[in-house]
Structure formats: structure tokens, C-alpha cells
Amino acid sequence: MAALFLKRLTLQTVKSENSCVRCFGKHIMQKTAPAQSSRIASTPRLSFLIHAEAFSTTEDTQNEGKKRKKSQTAFSNVGRKINQRIIHLFDEKGNDMGNMHRADVIRLMDERELRLVQRNASTEPAQYQLMTGLQILQERQRLREMKKASPKTGPTPTKELTFSSNIGQHDLDTKTKQIQQWIKKERQVRITIKKGKNVDVSENKVEEIFHQILQTMPGIATFLSRPQAIQGGKALMCVLRPLSKNEEKACGETQKTQKRDTLNQDHGNDKESNVLHQ
């Protein structure tokens, strides 16, 4: 009996120990699993936020740069968006009204039904002017005209044209018209004339073609480089350029003088003939 009782007690002890181990293991898994899952879930979320913040910052910077560049180049009404608290104001007639608070400036805009334009942002405080819509339109037109009249920087565009020395007159006239169009558009023209195959053509004959082309554009074009032999004498090349404004003016005066001298000479010859007939 005693042996049977000890055997049962031993089995119960083993079962209780196993159940305790299972309960303890389950308790540990319940504690650690949420922490691990929360860390796993939070990691991509944090990287997503960092990526989104970095992207939005770059985009905002680019947009601010574009807006700043546009505001610096465009001449337009700024409306009520006055960034400075105190500005230096001029009225629509150009009179200096001194420094004013932006609230007072907005009140003047409403009272006089005027628009506000930034004149100079580099001063302290920045300079603004009240203007009408018509004044803004006229100022824009004036700025466009000044931009067109200002000399263009950079090298002058060059066009190229190549043909043979035995070209027909009709084809030569067509190419001459093309050269005239380029010259009128302020382009330089590089002309290359190749000596025709199986044709004995002297350099003087080819040079005559260059001068013939130039004579069709009196007062608007001249040689930038005179005709010269290239490719071992197999071709001749020259460059034509448009005349400058001063050259056009001087050329026009010369043509008028020559025309007047010719008329005077013809008039003198008519007088001499009349005297001889008498």
C-alpha cells in the first residue's frame, strides 16, 4: 500500500510541474509577442514619416525658389500680400509718401482703387508704388521694348551655305534670296563655293560670284571675312555679316551723296549741251 501511494504521489507531482511550465511559457509568450510586433510595425512607419518629411521639404524649397524668382522678374500687382510690416511708398504720380505701415497702405489702395507694385526689394524698407491698371500695362510694354532693344549677348548665329561654281542662274538667285533673309534676321552667313568637277574655273571667277551676291544687299551686308581658298584650292569661302546701325546710317548718307552728285553732274551736262546748241 505504501509503495502504491508513493507511486501516485510521484505522478501527480510530475503532472503539476509540467502544467506549471506550460502556464509560465504561455505567460512569457503573451508578454513578449506584443512588444515584438509593436517594434516591427513601428519601424516602417517611422521610415515612411522620415521619407515623407524629407520629400515635402525639398518640394517646398523648390516651390519657394520658383515663387521668389517669379516675383523678382515679373512686374505685377502684389495685392494685399505685403511681406514687410513697414514699407517705403510712392503714390501713382511718383511722389514720395515715406514709410508707412502695410495696414495704412491697404487702406489707401481701397480708398483710391489702386494697385500695389514692388519697385525695389533690396532697400530697407522695400520700395512699393501705387499704380493704376493702365500704368502697370504701360510699364510692362516699356520693359518689353527695352528688352528687345537691348543688345543680345553671346556669339552671333552663323548659317552655312555650300554650292558649286557651275551653279545655274536660277538656283543662284534662289540661294541669294535665302542669304538675304538670314542677313535681315541678324545672322552671319558662311558661303562655300566648290569648283566644279571637270571644269577649269579660276579663283577670280569664283570671287565674282561672291561679289555678285553681296551687291544684291546694298546697305545691309558686308564681308566679315573676304573670299579665301580652302581645301587645297578646291573651294573658296567667305563670311557675310549684317551692317551695324552706325554702318547702315553711314552707308545711307553715302548713297544719298552719290545720288546727289550724279544728279548734279547730269544737270551740268544738260547745261553744256544747251550752250553748244546755242
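Predicted model: local features only at pLDDT ≥ 70, side-chain atom pairs only at ≥ 80, totals over all residues.

Q: Thanks! In what order do the strands of the four-stranded open sheet come?
A: The order is E2-E1-E4-E3, and the pairing is mixed.

Q: And which strands are at the edges?
A: Strand E2 (96–101) and strand E3 (115–120) are the edge strands, each pairing on one side only. Neighbouring strands in this sheet are turned against each other by 35 degrees on average, ignoring direction.

Q: How do E1 and E2 run, parallel or antiparallel?
A: They run antiparallel, joined by five bridges. If you want a spot to look at, find Phe 90, which stands opposite Asp 96 in E2.

Q: Which strands does helix H2 touch?
A: Helix H2 (residues 102–112) packs on the sheet and touches E1, E2, E3 and strand E4 (127–131). The direction of H2 makes about 120 degrees with that of E2.

Q: What about H3, where does that helix lie?
A: Helix H3 (residues 133–149) lies across E3 and E4, and runs at about 115 degrees to E4.

Q: New topic: where is Ile 82 found?
A: Look in the loop between helix H1 (2–73) and strand E1 (86–90).

Q: Is Ile 82 buried or exposed?
A: Ile 82 counts as buried because its relative accessible area is 6%, and the cut-off for buried is under 20%.

Q: What does Ile 82 touch?
A: Leaving out residues up to four places away in sequence, Ile 82 touches Ile 87, Arg 102, Val 105, Ile 106 and Leu 116. The C-alpha atoms of Ile 82 and Gln 118 are 9.4 Å apart, although these residues are separated by 36 residues along the chain.

Q: Let's move to the cores. How many residues does the largest nonpolar core have?
A: That core has 22 residues, and those with the most contacts inside it include Phe 163, Ile 191 and Phe 210. The elements that each supply at least two of its residues include strand E5 (158–164), helix H4 (169–184) and strand E8 (235–242). The largest share, five residues, comes from H5.

Q: Which residues does Ile 191 touch?
A: Not counting residues up to four places away in sequence, the contacts of Ile 191 include Leu 161, Phe 163, Ile 179, Met 237 and Cys 238.

Q: And what is in the second core?
A: The second core is separate and has 13 residues, among them Leu 89, Leu 108, Leu 114 and Leu 116.

Note on methods
Residues numbered from 1 in each chain as written. Heavy atoms only, no water. Buried < 20%, exposed > 50% of the residue type's maximum accessible area, 1.4 Å probe, protein only. Contact = heavy atoms within 4.5 Å. Core = buried A, V, L, I, M, F, W, Y, C linked by side-chain atoms within 4.5 Å. Pairing = 2+ DSSP bridges. Axes fitted to C-alpha atoms, helices over the stretch in contact; angles between N-to-C directions.
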